[in-house]
Amino acid sequence: MGVRGLQGFVGSTCPHICTVVNFRELAEHHRSTYPECTPTIVVDAMCCLRYWYTPESWICGGQWREYFSTLRNFVQTFTDVGIKLVFFFDGMVEKDKREEWVKRRLKNNREISRIFQHIKSHKEQPGRNMFFIPSGLAIFTRFALKTLGQETLCSLQEADYEVASYGHQHNCLGILGEDTDYLIYDTCPYFSISELCLESLNTVMLCREKLCESLGLQVADLPLLACLLGNDVVPESMFETFRYKCLSFYTSVKENFDKKGSVILAVSDHISKVLYLYQGEKKLEEMLPLGSNKALFYKGVASYLLPGQKSPWLFQRPKGVIMEKQVILINSESESKQEVPICAEPDSKQEVPVCADPDSRHEVPMCTDPDSKQKDLMYTDPDSKQEVPMCISEIKHKLPVGTDSESDPEAPMCIYPEIKEEDLMNTEAEIKQEVTMVSNHEILKIARMHHVHAESYLVYNIMSSGEIECSNTLEDELDQALPSQAFIYRPVRQRVYSLLLGDSKDGSSTDPVVKEWFVYPGNPLKHPDLVRPLPMTIPGGTPTLEVLWLNLEPAAQDKRLDTLLACFNLSSSREELQTVESPLRALCCLLIYLFVQVDTLCLEDLHAFIAQALCLQGKSTAQLANLQLDYISPRAVQLGSLFIRGLTTLVLVNSACGFPWTMSEFLPWNVFDGKLFHLKYLQSEKGYSVEVLLEQNRSWLTRFQNLKAVICKVCGKENRRIVGKSHWTSHHTGRWGRQGSSSHRTSPTYSHSRQGQPWRDQGSKPYEHDHWRRY
């Protein structure tokens, strides 16, 4: 992440840029300087996941109770010294950064292959040097922080921009993360999460002013330097020849640094001595080898400019760049209705926001003109009594929202108070986007609000852009006995698409299509899978989103539950599922779906899943941490990750259906522990009795039998008989998508769906060729 080579340069060539600081002392100084302002640190949560995940076991699907305890301790430590934390999560991948996202996912695939090779060779978890964060960690961290009463936001663009903007506009104490882009933004101080000692609250501050002093640059020059070196927007290869020329000239004077350090110094020297010499006399594109990449380059530089900022390097309109008017989103939570000129390269289709610089009389890429008469929608913060933009404050609205900061951790994550039309009108300016998958602005506002406040998952992405992604999962590409989670849960997602976007009627080009960037074995991620909605049958017909999201009548709650069950193709089993108590309803629903979809799941697997959920209720965090495993099973590793991906799918469905269930029912620390599941799996595989699995607890035995009976009965309705491994025959094909289970396939040519296809053929790619092994 960040600027290529800058992290190593700071550590080796310019260590004086890094200064050890203490957050307690910084907070005291901040309070004395700004007595009416609470010291606030804005946290780039995605950069912190590895720091937060401290449990020893990570291979089995996640030690969620331990992880939750770690987060609670982290939050409490800062709260105790009077520091407020605001957490930001990535909400979507920008198109310009998709290529970089793909590169990282493919790199992760190679790492996962090595992990499974290690497990098969040594039957143990690899060392921390091969650490891979558990599936769903980022998603459930959002809900963990909200449960802990923290302000948690999800970005509408690249998260680092919103983090930097928040820190800049709110006079924050600093940014906590691990991304060299924060050295480039002209914002509040940047602190390293990897260097944080929580006990002492000491960490390292990376000073951009000292960096500039070392490079002979101004802070306003850093965006140009970042793009010339390469970052997530501008490919490193784009200026490779240019950097070589700079280095050739520079090394004739200085040869005391390593190559990467010398490159940074050489490019900085060129900026300060050559580019500055001609600044204002020659157009920048004539001094740099931009070629057909002008628009991308200018967009890269402009991407670092926060609201109200401008760059001295972008005075003139790039040659060959046309101006067109278009209404764009200025703010992540509100839109100014002013028309903002966009500079666009006709061939590249890249766009750069610009505005007029009154001093130079040239157009300068900017995000917001602070002197404009058009103002962002403002919100009065009840704590500071100051007006702040709604995108960066905790909006208290009358829509379904998450738990309040003072609420009980087990309380419902979403409620449905009375909603009035004027509340919706006052929430934000009317959404105006050039292209969206949904035309209903009121519904889109609600979806976006839930997205920004991290109360839903993928719903707004589907409705706004029709494009979603899912990162790597611990899946063994050499083992075809279990299908990829991407395929197993695709029918559920397709029914959600039907709910949010409408059904696919006849396979015509006008039918909605969702682009899925899901990582699974054999997928080179050169193109997204094109997936169409899948119709579902709901008693009384499919309700509208207005009914699901806004209607407060008791009948609407029944509709929400009916719709959720229909997404899992379980409408006919509502009566059986109602006999299952919370928090096991969601577990029951998920296990039924898994066992119907995947024929290679056996009775021993079912026993392990149920036993771990029941035994989890009686174990403390310390007891879970002290569990010991005889060895690690690669199949159990995959099952643990598969189950967690099922819980994230439940979050999606529950969000889309208007929250019929409370989030606490499928938050993993309530229903799953990876190491405990692995223990029960190994015991079940060895043939241990149910009594042993349940640790001789009679009350758990009764609940076990009831839950197993419901799951087996509902699976029986779908002609799925769950048997032990000893009963498996050659007739078990190991196929996902049983006949009659409404599994579907979408081809690149939008062909009609077909049922009962082998799981390896469920994608939209012609290159998928693997076949199931037969038992």
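Reader: What makes strand 15 and strand 16 count as a pair?

Author: Strand 15 (residues 467-470) and strand 16 are joined by 4 bridges, in the parallel sense, and two strands pair if DSSP finds at least two bridges between them. The strands themselves are DSSP runs of E with at least two residues, while helices are runs of H or I with at least four, both numbered from the N terminus. Within this pair, Ile468 stands opposite Glu516 in strand 16.

Please keep in mind that this is a predicted model, where local features need pLDDT of at least 70 and side-chain atom pairs pLDDT 80 or more, while totals for chains, interfaces and linings use all residues. Residues are numbered from 1 along each chain as its sequence is written, and side-chain values use heavy atoms, without hydrogens and water.

Reader: Why is strand 16 called largely enclosed?

Author: A residue is buried under 20% relative accessible area, exposed over 50% and partly exposed in between, using a 1.4 Å probe and protein chains only. In strand 16 (residues 514-518), 4 of the 5 residues are buried, so the rest of the structure largely encloses this strand.

Reader: Why are helix 19 and helix 26 called roughly parallel?

Author: Angles run from 0 to 180 degrees between N-to-C directions, along axes fitted to C-alpha atoms, for helices over the stretch in contact. Under 35 degrees counts as roughly parallel, over 145 as roughly antiparallel, 65 to 115 as roughly perpendicular and the rest as oblique. Helix 19 (residues 490-501) and helix 26 (residues 634-656) make about 20°, with axes 10 Å apart, and are therefore roughly parallel.

Reader: What makes up the contact between helix 19 and helix 26?

Author: Contact means heavy atoms within 4.5 Å. Helix 19 brings Val492, Arg493, Val496, Leu499 and Leu500, and helix 26 brings Thr649, Leu652, Val653 and Ala656.
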